[in-house]
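Have the sequence and the model open as you follow it.

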2 protein chains.
Amino acid sequence: MTQSSSGDNPVFRLPERLLLGPGPSPVPARVLKAMATPPIGYLDPAWFEVMAHAQGQLRRIYNTNNARTLPISGTGTMGMQACVAALVEEGDNVVVGVNGYFGNRLVDMAERLGANVTQVENVWGRAIDAGALEAAIKKVNPKVVMLVHAETSTGVRQPMDDVTRIVRDAGVMLLTDCVTSLGGVAVQLDDWGVDAAYSCTQKCLGAPPGLAPVSFSRRAVRAVAERKSKIHSFNVDIDLIDGYWTNHAYHHTPPNNMLYALVEAMTIIEEEGLDNRIARHQQNHLALVAGLEAMGLSMNVPAGERLPSLNAVGIPEGADDGAVRGELLGRFGIEMGAGLGAGKGKVWRIGLMGHGSQRRNVLTILAALGTVLNHQGIACDASGAMTAAESAYG
Amino acid sequence: MTQSSSGDNPVFRLPERLLLGPGPSPVPARVLKAMATPPIGYLDPAWFEVMAHAQGQLRRIYNTNNARTLPISGTGTMGMQACVAALVEEGDNVVVGVNGYFGNRLVDMAERLGANVTQVENVWGRAIDAGALEAAIKKVNPKVVMLVHAETSTGVRQPMDDVTRIVRDAGVMLLTDCVTSLGGVAVQLDDWGVDAAYSCTQKCLGAPPGLAPVSFSRRAVRAVAERKSKIHSFNVDIDLIDGYWTNHAYHHTPPNNMLYALVEAMTIIEEEGLDNRIARHQQNHLALVAGLEAMGLSMNVPAGERLPSLNAVGIPEGADDGAVRGELLGRFGIEMGAGLGAGKGKVWRIGLMGHGSQRRNVLTILAALGTVLNHQGIACDASGAMTAAESAYG
């Protein structure tokens, strides 16, 4: 048997892209190279070392001592499902903060599992109000509160101090979406008292999509052990998944190459330093905002509640959403995200995540977007935007 | 910001392995190279072309015209969960063929979803008896029958003609596990009348683990549409997953690189020709069996029911299971699978899957295993095994 070694499959003659949307974010060449390491057996002692190494890295990035911290073999959606499925049983009272697409999805997941869901709503583009959350908790005495730290659909960063204090004081469990924050925005699982958290690999961690880092507190592990019913799904049964990570008892065949990629991406984070990385995300975010505002555009989220990794900006009067994004993609190879759900047609989402959060990317998208808007007859000052962004770097 | 380009992470100084266990199977260099193509956005028109291409390839390998044929973004276990979750509702009668670990898992999954499960059992190492299946179907009039085509835990290939005729005649739905057959053993979804099938990428397809190709018949799609209850899990809701593949409506961020790898692996299958590939798997299997039997070992499955891709062989009297596998791994870098479940300590599982199904691998494991057994004081004729295997090639 012979195998051609050319590998020149026309299917992979893909255009080059600058990924400044809601994810995937640009993947460093080192990570792609590490990903191409050949797979080995899921019970190979050499593989166990990679697994243990990854768990240590994840705990440091999550700022947690939780033993049950591991990357689930699926995308962020599967991590979300595993967390919700673990903590929710039929008839449970659950409180969910809903101010965007992913809050709605938490409601959907919990309701499919038979929970009685109380929603604490706010408009898309604003954080959940701590007082409203406190009132809901007092009213329904939930088993779990679910909050989105980083609402990818709107670009809102939930300020965590007040809400986590309220949940802690109430003595109930807290489940948190860290999809667009982990690795680029401070996530303090233990300080916040989070009981279950999930994220993904293709945003601020800087790896390709395909794994969902999760973490469960000791209280959450106990709650799973004390369930009255089995978890609805063998696939996301966190006890069985953890049984593989901890005792190497077979549950499924893990995607080796995705873990190689994640480990390399987390090694890059360690080399940069997590604090430096978080500061970098913030700095590039501030420069982008300065540029967008100098261009006459308006951010969709007030300053104190903005995610640095996902910048939602209002589509200016008269601009054609699809045409602008199409020109950015077609002429410049730049992906800028459309709005999602209620934001569709109203905002653009500019991701500055992981390796994508760079000064040259900020200046590039400002120049390209300004030029496209002008080209489409929307007057704006691209040169002024560039100057304003550079000033923001100081 | 600078990134070191060395990529010389000590974590990836992994030993080289010859993967002849239950999967992952050896991945051709071309596939690893394709996998390292940079990810692009999940709504990028260029990405849609890769998706459509993959679906066409999968339909040909599954021998189906099913529109709903796609690789689910997770491992084979998630594909299994998605199929079971789609077709099972609380209170449904379900008949499951159980003659190994994966039959048991189907029972577990169906029971977690509230099904009334009737098991048609046989001993581990034998196929499900068509008469027993027919009797069970007559007795409980199930909504779905679940059968494992390729029982990875025992090496049994279920002969499909009789059982599928019985299920068709009864007019009930058929769900089939093709995890260890797809791409190496003939799978005829449409001819068999299968309504839902799942597989994985890391066995006979020859890609790394991480995706689960599934296929649903029109009848199954209609059955999902007519459910009384929502699918328990947003994550495996096949209507939402298919909505992304068909209408590009967001459900989750797909793992681009896994799909690149799968497309390249399927391109290799097209170049070889599916029929040639199936014949290759059979030929190498027969040679391995001839060699093992010449060595005095006994196959665990009767000749008419053997999977060519997964060869379960009895552990000879006096041999130390772990010590033999340990020597194979430690001295030769060869992974041979342990028994799973009831087979633990009783059989070894030798995988000849995808790129791993090669004459030189057959001869290599025969020589290495024979040598190790002799070294551990179990007399066997490794030279005779080699000769017998070579004779089998003709």
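**Reading one residue, then the whole**

Q: Which residues is B:Leu175 in contact with, leaving aside its neighbours within four places in sequence?
A: Two residues are in contact if their C-beta atoms, placed from the backbone, lie within 7 Å. By that rule B:Leu175 touches B:Cys83, B:Val84, B:Leu87, B:Val144, B:Met146, B:Asp195 and B:Ala196.

Q: What kind of coordinates and numbering am I reading?
A: This is a predicted model: local features need pLDDT of at least 70, side-chain atom pairs count only at pLDDT 80 or more, and totals for chains, interfaces and linings use all residues. Residues are numbered from 1 along each chain as its sequence is written, and chains are lettered from A and ligands numbered from 1 in the order in which they are written.

Q: Where is B:Leu175 placed, and is the residue buried or exposed?
A: B:Leu175 lies in strand β8 of chain B, residues 173-177. Strands (E, at least two residues) and helices (H or I, at least four) are DSSP runs, numbered from the N terminus. A residue is buried if 20 or more other C-beta atoms, placed from the backbone, lie within 10 Å of its own, exposed if 12 or fewer, and partly exposed in between. B:Leu175 has 27 such atoms within 10 Å, so it is buried. B:Leu106 is 69 residues away in sequence, with its C-alpha 10.0 Å from that of B:Leu175.

Q: How much of chain A is buried?
A: Buried residues are 59% of its 394 residues. Chain A has 14 helices and 13 strands. Of its contacts between residues at least 6 apart in sequence, 72% join residues at least 24 apart.

Q: What does the radius of gyration say about chain A?
A: The radius is taken over C-alpha atoms, and the globule rule is 2.2 Å times the number of residues to the power 0.38. For 394 residues a compact globule would have a radius near 21 Å; chain A has 21 Å, so the two agree.

Q: What domains does chain A have?
A: Domain bounds come from an automatic or database domain assignment. Chain A divides into domain 1 (29-270) and domain 2 (274-393). Their centres, over C-alpha atoms, are 28 Å apart. Across the boundary, 25 residues of domain 1 of chain A are in contact with 24 of domain 2 of chain A.

Q: Which element gives the most to the side of chain A that touches chain B?
A: The contact takes 72 residues from chain A and 73 from chain B. On the chain A side, α10(A) gives the most, with eight residues.

Q: Where should I be careful?
A: pLDDT is the predictor's confidence in each residue, from 0 to 100. Chain A averages 96, and 98% of its residues score at least 70. Over residues 1-6 of chain A the pLDDT is below 50. Where pLDDT is low, the predicted coordinates should not be read in detail.
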